[in-house]
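Subject: Structure to look at

Hi,

Here is the structure I promised to pass on. Have a look at it first, then read my notes below.

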Amino acid sequence: MGNTAMHIQALRATATLSILLWTKVSFTNLGLGGAKMNAGGRASEDTYQKPADEVTEEAKVAQERAQKIVNNDLENIPYTMAITWGSMLCIYLIEDESVRDQHAMAQIVFYSLFVIARVGHSIAYAKGLAYPRTAVWMLGFICTFAIGINGAVASFVVAS
């Protein structure tokens, strides 16, 4: 990133982290599809899935866990991505370079932590680790507020 202005670095980081987050969401959705196939939980016309009489209890539990991971992603990721891009817009419109740089750095830090937390949350959930799952969920939750607050404060610094 070298001599690139901090707000440009924040823009690049936000775009890169967003696609990484979307990749993570895609993999968890694919995992759910596989879990449903193994548990006979797909649509009835999907004849390639396991028949009901061959489905194990373990496969049903795996499907339920995969569904909960996807549900939790849906409850958290879209809102944070929207808040993040709104925050990025406010940061980008700040004319004072020093103030803009402070908000841009906060954006990079908090969104990076959010993405790490969401990946960690999925891993902890998949492995059945309750306390680590709760800790990384809370980190992500706090980061969402921090991103939003950072953007809101930045919006009051934008020249009118």
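Let's begin with a term: a salt bridge here is a side-chain nitrogen of Lys or Arg within 4 Å of a carboxyl oxygen of Asp or Glu. Please keep in mind that this is a predicted model.

**Salt bridges**

By that rule the count comes to three salt bridges. Some background: side chains of opposite charge can pair when their charged atoms come close.

Take E64 and K68 to start with. They form a salt bridge, and their closest N and O atoms are 3.1 Å apart. These two residues sit four residues apart in helix α2, so about one helical turn separates them. In general, an α-helix has 3.6 residues a turn, so residues three or four places apart point the same way.

Now go to K24, which forms a salt bridge with D73; here the closest N and O atoms are 2.7 Å apart. K24 lies in helix α1 (residues 6-39) and D73 in helix α2 (residues 57-92), so this pair ties together parts that are 49 residues apart in sequence. K24 is buried, with a relative accessible area of 10%. D73 also counts as buried, at 4% relative accessibility; the cut-off for that word is under 20%.

R118 forms a salt bridge with D73, with the closest N and O atoms 2.7 Å apart. This pair links distant parts of the chain, since R118 is in helix α3 (residues 97-127) and D73 in helix α2, 45 residues apart. Both R118 and D73 are buried. Through shared partners, the salt bridges join K24, D73 and R118 into one network.

**The core**

Which residues touch the most other members of the largest nonpolar core? They are L21, I77, Y111 and F114, out of 20 residues in that core. Each of α1, α2, α3 and α4 supplies at least two residues, and α1 gives the most, with six residues. If you click on Y111, you'll find that it touches T14, L17, S18, L21, M81, T84 and I147, leaving aside residues up to four places away in sequence.

**Around H7**

H7 is found in helix α1 and is buried, with a relative accessible area of 11%. H7 and M88 are 81 residues apart in sequence, yet 8.4 Å apart in space, C-alpha to C-alpha. Not counting residues up to four places away in sequence, H7 touches M88, Y92, R100, D101 and A104.

At 1.5 Å a residue, the 26 residues of α4 should span 38 Å, and the end C-alpha atoms are 38 Å apart, which agrees. The buried residues of α4 are G140, C143, T144, A146, I147, N150, G151 and A154, and they pack against α2 and α3.

There is also a nonpolar surface patch of about 790 Å², made by M138, F141, I142, F145, I149, V153, F156 and V157. One of these, F156, has its place in the segment after α4 (130-155). F156 is exposed, with a relative accessible area of 75%.

Cheers

Definitions and conventions. Residues are numbered from 1 along each chain as its sequence is written. This is a predicted model: local features need pLDDT of at least 70, side-chain atom pairs count only at pLDDT 80 or more; totals for chains, interfaces and linings use all residues. Side-chain values use heavy atoms; hydrogens and water are left out. Buried means under 20% relative accessible area, exposed over 50%, partly exposed in between (1.4 Å probe, protein chains only). Patches are made of residues with over 30% relative accessible area and no salt bridge: like charges are joined within 9 Å, nonpolar side chains (Val, Leu, Ile, Met, Phe, Trp, Tyr) within 5 Å. Accessible areas come from the Shrake-Rupley method with a 1.4 Å probe; for residues, only the protein chains shown count as cover. A nonpolar core is a set of buried Ala, Val, Leu, Ile, Met, Phe, Trp, Tyr and Cys residues joined through side-chain atoms within 4.5 Å. Contact means heavy atoms within 4.5 Å. The expected span of a helix is 1.5 Å times one less than its number of residues.
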